[in-house]
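Thanks for coming. Please look at the model on the screen, and I will go through a few of its residues.

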Amino acid sequence: MSRIPCDQTAAWKALQAHFDGGAHALDLRDAFAADAQRVQAFSQEAPYLFADLSKNRIDARTEALLFELARECGVERYRDAMFAGDLINGSEHRAVLHCLLREPTPATPRGADPLGLQRAQVQTTLQAMLAFAQRIRSDESITDVVNIGIGGSDLGPQMAVQALSEHVTAGKRFHFVSNIDGHELAAVLAQLDAAKTLFLIASKTFTTVETMSNARSALRWFSSHGGRDVAQHFVALTQNTQAAREFGIDTVFGVEEWVGGRYSLWSAVGLPVAIAIGADGFRGLLEGAHAMDLHFRSADLKSNLPMRLGLLDVWNRNFLGFASRSIAPYHSALRRLPAYLQQLEMESNGKRVDTDGRRLRHGTAPVIWGEPGTNGQHAYFQMLHQGSDVIPVEFIVVRHRTHALQGHHEVLLANALAQAHALMTGKADAQGHRDFPGNRPSTFFVLDSLTPQSLGALLALHEHRVFVSGAVWGINSFDQWGVELGKLLASNIGERMLTGDLTGLDPSTAGLMRRLK
Ligand code: F6P
């Protein structure tokens, strides 16, 4: 689907005029003073969560023009094309159907459903995977589950198992090994008993060097530590079933080619989550994400949270010039969420050409980073309040606590509110080093409780907002060619490390290789 470059639309020009004509200087303090309805106008209920966008540097006109931009860029049509299974991942000739993975079982067979085959496959794999998860949960001889995978085959499951730790009822220990750095695998293996360990080898391609090296080392360790039945102790989660079988693994759960790695938590790659929280819990995660899918598909632009957020991201990046966004989950169980969102947004939208390969003249994905609050407050919030760059912050809080400690949760929530308030209001002081400029934007998300459903909804919300900004920018958010060159060179340099051949290398790399020898 060829799309009009966003910066050549009438809406973009109108946004630029609006920006130049005064919106660049919008001051949040004045905006709140002038408009008693601002909070209502820029708040949004969505499935399982609430978002307050009012502390962002937008006004009603900005949003109206952003909706125009979305219309001119065909964002809704593009969204519908994704859900319809069109090959919107053009550079890989693939459909983008991760949303299918969270659809509930169709009540009646769909006669002429063009995605009927995929739907049937999804249900077959899901049922088999959940049955397996339940079996492992009740198998007391398995005490440890080790997920070996990287990128999307690690970040999602690892983040979700941590986030839902209150719901983990498996009575087992979960380990995640991603890095080729042997220190990581060695430290995990040192805690294990081969006879009591289940290894999950998660790799969509089953070719990723880190994962295959770790899997081979795990297999060698297993055999040399009295492990006997590989079939019972190694499982593969992959699209490349043949490679998994050649590796010697019989139990394989398939990942469809139309699921991108960073969108694969909902597929068989979610097996560690299903073992940890059980089949019902995993279905709850899918349910929350599906509810957000329905919201994204059906809500009018004006009340569609992923649309509003994705368009706000465009405004922040391309007009206000904010090149970074900080994620502040005020819940320690969400500590891996920033890393997960980092891959989601930066691997999806970190591109500088459009779907037709044309060079873009505007910025795309911002740098996504963060740490849980309140820890971040004592590390880098200094820069957020008084640094030379304005960095929008996203606060994520959970209303209800699940621990019994008195006083903590109130203070935690108060801190999130105080930080957002301080960023916006600032504090004038004649002494420069005590002066807080304020007018620093933030978005505030509230989940009632941290459950499989609310986590599912939160993650799907972010997938869709990334889709929206990517769609406006006209880029393919579903490929990741940018990681290929590094992989190629790592293999070339790896061979040179063995042979010592430095010919043709740049002097810096050659010098470093000599030093590392
Ligand atoms: O190199 C990047 C990447 O391709 C990610 O997109 C992906 O999530 C990760 O590697 C792991 O890939 P695989 O699941 O095929 O091992």
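I start with arginine 262, which counts as buried because its relative accessibility is 3%; buried means under 20% relative accessible area, exposed over 50%, and partly exposed in between, with a 1.4 Å probe and protein chains only. This is a predicted model, where local features need pLDDT of at least 70 and side-chain atom pairs count only at pLDDT 80 or more, while totals for chains, interfaces and linings use all residues. Residues are numbered from 1 along each chain as its sequence is written, and side-chain values use heavy atoms, with hydrogens and water left out.

Which side chain does arginine 262 meet in a salt bridge? That of glutamate 347, at 2.9 Å from N to O. A salt bridge here is a side-chain nitrogen of Lys or Arg within 4 Å of a carboxyl oxygen of Asp or Glu. Arginine 262 sits in the loop between strand S7 (251-254) and helix H12 (271-298), and glutamate 347 in helix H14 (residues 337-349), 85 residues apart. Helices (H or I, at least four residues) and strands (E, at least two) are DSSP runs, numbered from the N terminus. Glutamate 347 is partly exposed, at 21% relative accessibility.

Next, another pair. Glutamate 394 and arginine 465 form a salt bridge through their side chains, 2.7 Å from N to O. Glutamate 394 is in strand S10 and arginine 465 in helix H17 (residues 452-473), so this pair ties together parts 71 residues apart in sequence. Both glutamate 394 and arginine 465 are buried. Salt bridges with shared partners join Asp313, Arg325, Glu345, Glu394 and Arg465 into one network. The salt bridge count comes to 23. One of them is between arginine 119 and aspartate 113, with the closest N and O atoms 2.6 Å apart, and both of these residues are buried.

Now a charged residue without such a partner. Lysine 172 is buried but has no salt bridge, and the nearest side chain of opposite charge, aspartate 139, is 5.9 Å away; Lys and Arg count as positive and Asp and Glu as negative, with His and the chain ends not counted. The side chain of lysine 172 does reach the backbone oxygen of isoleucine 136, at 3.1 Å.

Last, the cysteines. Cysteine 6 is buried at 1% relative accessibility, and cysteine 73 is buried at 3%.

Methods:
Polar contact = N/O pair within 3.5 Å; in protein donor to acceptor, adjacent residues only side chain to side chain.
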